Amino acid sequence: MVFGEYLTFIRQKTRALLILVFLHSFMINRIYLSSNHPFATPQTIESIAHSSLAEMRFEGRISFENLEFAARDFGNRYHLMPSAVLHPKSVSDISSILRYVYDLGLSSELKVAARGHGHSLEGQAQAYRGVVISMESLRDPEMSFHGGKHPYVDVSAGELWINILHESLKRGLPPRSWTDYLHLTVGGTLSNAGISGQALRHGPQINNVYQLQVVTGYITITCSKMHTKILRRPSNNLNLLCAGRGEVVTCSDKQNTDLFHAVLGGLGQFGIITQARIALEPAPKMVKWIRALYSDFSTFARDQEHLISSNNSFDYVEGFIIINRTGLLNNWRSSFSPKDPIRADQFNSDGKLLFCLEIAKYYNPRESDNIDQDIDTLLSELSYIRSTLFMSEVSYVNILDRVHVSEVKLREEGLWEVPHPWLNLLVPRSRIHEFVAEVFGNIVKDMSSGPVLIYPVNKTRWRSGTSLITPDDDVFYMIAFLSSAMPSSTGKDGLKHILSQNKKILSFSQRPYLGIKQYLPHYSTEEEWEAHFGPHWEVFYRRKLSYDPLAILAPGQRIFRRGIAYVQQ
């Protein structure tokens with residue numbers, strides 16, 4: 001039996017079970033409704049459901065007022081008001097709310113979204129007329145550090161990475177992998193991937209977690225070959241079990257492996273991550289931070305790819321694109337020093353398309369005698385414009401938390417809480433030259449709305465089997481258009497222009513032969529999501545049937561409709 005037939009088989013079995021679930025939920029709703037509501041409408045059911053929520057007891061608290069913060073995010077374009085916000089103090093609070101929503105069954109449209117620090121871009125962590133779980137309230141358990149050959153820290157999924165950085169440095173053992181911005185929750189980044197310029201050494205953050213604690217939906221579909229890599233013929237004795245209803249599950253590469261892989265990069269679709277065991281490594285204290293320019297993209301790309309493939313390289317490799325920036329190198333002088341000040345003064349960036357290589361080398365003061373020589377050796381292998389080499393020496397903390405410095409300045413100017421119509425793309429190495437030629441030759445002519453990052457990563461050593469979708473090429477490029485729309489602007493830095501530009505970029509990028517994928521993806525229909533996942537869609541769908549078949553979780557991703565496993569044919 002091929003996988004498509006198997007999927008139909010699963011759906012039929014699941015539909016039969018969900019009829020029983022529906023009857024179960026009908027009985028529960030009769031208790032809620034009592035004889036005072038003999039002809040209950042969906043609106044009546046929702047109203048009584050919310051009344052019942054108010055009567056529930058939590059270690060934390062549930063709020064029905066002042067919910068505006070849960071209807072906002074960093075993207076600042078979608079504002080979907082929930083009916084309630086849960087501020088959990090324990091995992092049992094989260095388990096209880098999921099169990100309650102499950103018991104409402106198919107008669108309710110109530111959904112649940114986990115919200116971290118609110119850095120989503122397009123309402124992904126919002127739940128219209130549903131329940132938002134404010135994960136930052138969950139700080140149980142406290143951070144617990146463990147040494148040994150493979151050191152790790154157990155943390156709550158609501159913990160911010162910046163807090164983990166400061167606590168871990170007290171012990172000289174920080175996490176191995178970081179995002180560019182650290183004021184994000186652990187659960188939030190692990191639900192996406194956590195990719196940055198440090199991925200060349202240890203991979204993204206989902207590659208550096210040993211174990212998770214997850215609160216699942218409510219049904220686990222199991223069979224004798226469910227968790228094999230290739231499903232050839234399902235068992236005739238398929239068991240469908242109500243095994244969750246807010247079940248708290250520990251999972252890893254060796255325990256509940258399918259759930260572990262599902263939630264990593266799973267966009268919140270299969271469960272709510274409540275705790276994570278994060279890999280650590282010895283900490284450096286100082287960083288040599290370096291920038292240099294290229295005028296030729298082929299040379300720039302060749303050098304970047306060389307750096308991420310070399311065993312002896314820098315610890316961080318990123319880059320960004322610059323278009324017609326006046327006085328570029330003079331602006332760098334506020335944070336960097338030119339290697340050759342005289343030649344740097346003579347360089348003119350006006351009217352040029354340039355590519356900036358940004359790299360960093362970590363070290364400890366006792367290694368300072370050799371670090372400059374090591375860097376000179378590495379730089380001698382590169383073909384940047386020699387007059388544009390700039391360097392800076394900063395602490396390890398300062399380079400990791402560098403984006404927050406910009407955040408503070410933008411908040412002071414009232415420019416942080418503006419719309420951020422970001423667009424993040426993963427472009428195969430085999431198509432990167434075609435992409436750059438088209439997008440930066442014919443579409444993007446100006447950089448006034450924000451920076452554009454560009455750097456390659458190599459996924460050959462990344463954990464396989466997760467829900468993260470990347471291009472087929474082992475090496476692909478992260479291209480991040482980090483735009484900020486200025487309030488009331490009708491120019492190139494206005495929201496209308498940026499969205500129009502993004503649409504043109506996406507129109508080109510969606511040509512199937514290019515194999516480009518969105519990172520932090522956003523689509524409006526299931527068909528678009530199916531195209532995004534490609535051959536991985538059936539696995540993603542099967543996992544949804546297994547762990548959240550009523551599509552209660554993460555409705556803001558707009559992947560599945562409520563009760564999807566029941567209504568799908």
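Which residue in β6 is the bridge partner of His146? In β6, that partner is Tyr152. The model is predicted: local features need pLDDT of at least 70, side-chain atom pairs count only at pLDDT 80 or more, and totals for chains, interfaces and linings use all residues. Residues are numbered from 1 along each chain as its sequence is written, and side-chain values use heavy atoms, without hydrogens and water.

β5 and β6 (residues 152–156) pair in the antiparallel sense over 3 bridges. Pairing requires at least two DSSP bridges between two strands. Strands (E, at least two residues) and helices (H or I, at least four) are DSSP runs, numbered from the N terminus. An open sheet of 5 strands runs in the order β5-β6-β11-β7-β10, with antiparallel pairing. β5 (144–146) and β10 (248–252) are the edge strands, each pairing on one side only. From one strand to the next, the twist averages 20°. Helix α3 (residues 91–104) packs on the sheet and touches β7 (209–216), β10 and β11 (271–279). Contact means heavy atoms within 4.5 Å. The direction of α3 makes about 45° with that of β7. Axes are lines fitted to C-alpha atoms, for helices over the stretch in contact; angles run from 0 to 180 degrees between N-to-C directions.

The whole structure holds 5 cavities of 30 Å³ or more. A cavity is a set of points on a 1 Å grid over the protein atoms alone, where a 1.4 Å probe fits but cannot get out; lining residues have an atom within 4 Å of a point. The largest cavity has about 80 Å³ of space, a volume being the space filled by probe spheres set on the points. Its lining includes Asn192, Tyr519 and Phe533.

How values were computed. 1 Å grid on protein atoms, 1.4 Å probe; cavity = no way out; pocket = protein on both sides within 12 Å on 5 of 7 lines; lining within 4 Å.
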